[in-house]
Amino acid sequence: MKSVAVASRSFSKNLILRNQVLELYPDAKFNDQGLSLSGDSLVDFLAGYEKAILALEIIDESVLSRLPDLKVIGKYGVGLDMIDLVALEKYNVGLGWTGGVNKRSVSELAVSFMIYLLHKVVLANNEVKRGYWYQIQGRQLSSRTIGIVGCGHIGKDLVHLLKPFGCKILVHDIMNYSDFYRENNVIPVSLKELIKESDVISIHLPLNNATKNIINKDLISLLKPNSIIINLARGGLIDEFALKKRLIDGTLGGAALDVFEVEPPLDITFASLDNVLVTPHIGGSTEEAVLAMGEAAIAGLQNFKNPLYFLK
């Protein structure tokens, strides 16, 4: 039986991470062709290997049932929505994963998106490119009301980064982080109240059956006319059609989208708008975050848990 197969394309390209793997597993295989592996191609790539490092590859029962040698998965990245945890447990495959290792990368980008959109940097830059030179008036981040949907690792880190700006911070989470809220002067509210009261909404949730389309058409209709919404979490959390309509109608201040329900997005309308920032899923892609996620995945090949542990 062979040791480790690294399916992730970005991990495979990183020389530092490759060398760390090879020091521990000299016969490791990497995705050097840069293929997007899924279904049959993923099964073929992982066949005969005891351990695997995966990122956005979908692991479900149809894949696991054909990989009898697989014993451990080291998860590269922070989301678990691509992995069927119940199926992992059924086939006795352990999971090594550490949440929050890229939190600073994502929270920094969230703050930068807030500033860019409030100051209308996208519009100003596009106007200069079109040959127009005039002052465009924006707004400051300081003293704004910020709504954070999801107060896990990234949400909490974002709270810390926003402190110098003197923002009023509202949060919504199914978990009650009462000590954190009290220590950081954060106000827990319902999702509806957060949507109605916030100048800027930043989403930091996993994608699952409970959160799918959580920012739906009805909630989007409640957003303040000059408010801004940011999604650095997962595509599928926002009703993209309803959001696009408000942006095109000019009844919303702006949006920043790093993720889409289908990636790359089939609809390029968002990228063409002067009040929208679109990036290709780069939230956790700083050099520092990539190394932290990769090293956590490597460690997870040895320090793994029963996958049902992560359902808690």
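Thr-269 counts as partly exposed in this predicted model, because its relative accessibility is 23%, and partly exposed covers the range between under 20% (buried) and over 50% (exposed). You'll find Thr-269 in helix 13, which runs over residues 269–272. Looking past neighbours within four places in sequence, Thr-269 is in contact with Lys-244 and Ile-248. Lys-244 sits 25 residues from Thr-269 in sequence, yet their C-alpha atoms are 7.9 Å apart.

Val-86 is another one to look at on the outside. Its relative accessible area is 52%, so Val-86 is exposed. Val-86 belongs to helix 5 (residues 85–90), and together with Leu-308 and Leu-311 it makes a nonpolar surface patch of about 260 Å² accessible area.

| Residue | Relative accessible area | Class |
|---|---|---|
| Thr-269 | 23% | partly exposed |
| Val-86 | 52% | exposed |

Now for the inside. The largest nonpolar core holds 29 residues, and Met-114, Leu-141, Ile-146, Ile-148, Leu-162, Ile-169 and Ile-230 have the most contacts within it. Several elements each put in at least two residues, including helix 8 (153–162), strand 6 (145–149) and strand 7 (168–172). Helix 6 is the top contributor to this core, giving eight residues.

What does Ile-148 touch, once residues up to four places away in sequence are set aside? Its partners include Gly-155, Leu-158, Val-159, Leu-162, Ile-169 and Leu-194, along with His-172, Ser-202 and His-204. There's also another core, apart from this one, with 28 residues; Val-149, Ala-233, Phe-260 and Leu-273 are among them.

Terms used
Residues numbered from 1 in each chain as written. Predicted model: local features only at pLDDT ≥ 70, side-chain atom pairs only at ≥ 80, totals over all residues. Heavy atoms only, no water. Patch = residues over 30% accessible without salt bridge, like charges linked within 9 Å, V, L, I, M, F, W, Y side chains within 5 Å. Areas by Shrake-Rupley, 256 points an atom, 1.4 Å probe, with all protein chains shown as cover. Salt bridge = Lys/Arg side-chain N within 4 Å of Asp/Glu carboxyl O. Helix = DSSP H or I, 4+ residues; strand = E, 2+ residues; numbered from the N terminus. Buried < 20%, exposed > 50% of the residue type's maximum accessible area, 1.4 Å probe, protein only. Contact = heavy atoms within 4.5 Å. Core = buried A, V, L, I, M, F, W, Y, C linked by side-chain atoms within 4.5 Å.
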